[in-house]
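Dear colleague,

Please find the structure below, together with a short account of what was found in it. I would be grateful if you would read the two side by side.

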Amino acid sequence: MSMLVRAGLRSLAAAAAVLALAGVATRLSAHMAWGWEDFAAAGALVFGAGMAWTLLARLARSRRQRLALGAVVGLVLLAVWAELAVGLAS
């Protein structure tokens, strides 16, 4: 199995874990009312971030560069998630 396929499966597993936690929270709490659109957006964000980091990490030459790229991808993920959740930019 190629590295890119394994990375895709890891990203899918991470997205599934996030969606499972959100699904449990949606069932147990009245404050978290996610619709199917929210689950689709969260899954796409987590999967996309995982694949972006995988592809960017292949370009990095050192461990320090990979850590920096991971931090950037994580911060972009959190910024987009926060914007979608509460509209921080508006």
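A residue is called buried under 20% relative accessible area, exposed over 50%, and partly exposed in between, with a 1.4 Å probe and protein chains only. Helices (H or I, at least four residues) and strands (E, at least two) are DSSP runs, numbered from the N terminus. This is a predicted model, in which local features need pLDDT of at least 70 and side-chain atom pairs count only at pLDDT 80 or more, while totals for chains, interfaces and linings use all residues. Residues are numbered from 1 along each chain as its sequence is written, and side-chain values use heavy atoms, with hydrogens and water left out.

The protein chain holds three helices and zero strands, in the order α-α-α from the N terminus. Its C-alpha atoms fill a box of roughly 45 × 35 × 15 Å along the principal axes. Of the 90 residues in the protein chain, 19% are buried.

Helix H1 covers residues 3-28. Buried in H1 are Ala-7, Gly-8, Ser-11, Ala-15 and Ala-22; helix H2 (36-59) is included in what covers the buried residues of H1.

Thr-54 lies in helix H2 and counts as buried because its relative accessibility is 9%. Leaving aside neighbours within four places in sequence, Thr-54 is in contact (heavy atoms within 4.5 Å) with Met-3 and Ala-7.

With kind regards

Conventions. The expected span of a helix is 1.5 Å times one less than its number of residues.
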